[in-house]
Amino acid sequence: MKISKPKEKLITCLVIAVMVAVMYGLGLPCPFKAIFHIPCPGCGMTRAYLSLLRLDFAAAFAFHPMFWSVPILLADYLLDGRIFKWKWLNTALIAGIFLGFFLNWIFMLI
């Protein structure tokens, strides 16, 4: 289902943020890690953002080197994949981010 209204997209983002905050607050484990017993591609992201809130960029990068990409993915979602004028550039950006997540995940697993 494609969500096209900006208000609905913002509500979706807020619901996801609240769910993550509640899971973190309750100390619930990552569902991916609980099921598969390996870290998920996003493991460390919460700790990275908590470090970022303390302006500790080195620690944020150490917890998850792709922490910087979440605002870009959020912008891509909110702007319907039109960050740049050219579609190929938007596609290349998102593909590069996902490749970065994948390579980071493989590095974490080794």
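**Entry 1: H5 against H6.** I started with who touches whom in this predicted model. On the H5 side I found Ser-69, Ile-72, Leu-73 and Asp-76, and they meet Leu-93, Ile-94, Ile-97, Phe-98 and Phe-101 in H6. Sorted by class, that contact has 7 nonpolar residues, 1 polar and 1 charged.

Next I looked up the geometry of this pair. H6 covers residues 87–109, and its axis lies 11 Å from that of H5, with a packing angle of about 140°. Angles over 145 degrees would count as roughly antiparallel, so I have to call H5 and H6 oblique to each other. I also noted the hand of the crossing of H5 and H6: it is left-handed.

**Entry 2: H1 against H5.** Which way do H1 and H5 run, roughly parallel or roughly antiparallel? I checked the angle: their axes cross at roughly 150° and come within 10 Å. That angle is over the 145 degree cut-off, so H1 and H5 are roughly antiparallel to each other.

Then I listed the contact. H1 brings Lys-9, Leu-10, Thr-12 and Cys-13, while H5 brings Leu-74, Tyr-77 and Leu-78. By class I wrote down 5 nonpolar, 1 polar and 1 charged for H1 with H5.

**Entry 3: the empty space.** A quick reminder to myself: rolling a probe the size of a water molecule over the atoms shows where empty space is left. How much space lies in the largest pocket? I got about 1400 Å³. This pocket is lined by 33 residues, and the closest to its centre are Ile-16, Val-20, Gly-42, Met-45 and Thr-46.

H1 gives the most, with 10 residues. As for the kind of residue, the lining of the largest pocket splits into 26 nonpolar, 5 polar and 2 charged.

**Entry 4: the whole chain.** Last, I stepped back.

Methods
Residues numbered from 1 in each chain as written. Predicted model: local features only at pLDDT ≥ 70, side-chain atom pairs only at ≥ 80, totals over all residues. Heavy atoms only, no water. 1 Å grid on protein atoms, 1.4 Å probe; cavity = no way out; pocket = protein on both sides within 12 Å on 5 of 7 lines; lining within 4 Å. Points joined across faces, edges and corners; volume = space filled by probe spheres on them. Helix = DSSP H or I, 4+ residues; strand = E, 2+ residues; numbered from the N terminus. Nonpolar A, V, L, I, M, F, W, Y, C, P; charged D, E, K, R; others polar. Axes fitted to C-alpha atoms, helices over the stretch in contact; angles between N-to-C directions. Parallel < 35°, antiparallel > 145°, perpendicular 65-115°, else oblique. Left-handed = near helix turned anticlockwise from the far one by under 90°. Contact = heavy atoms within 4.5 Å.
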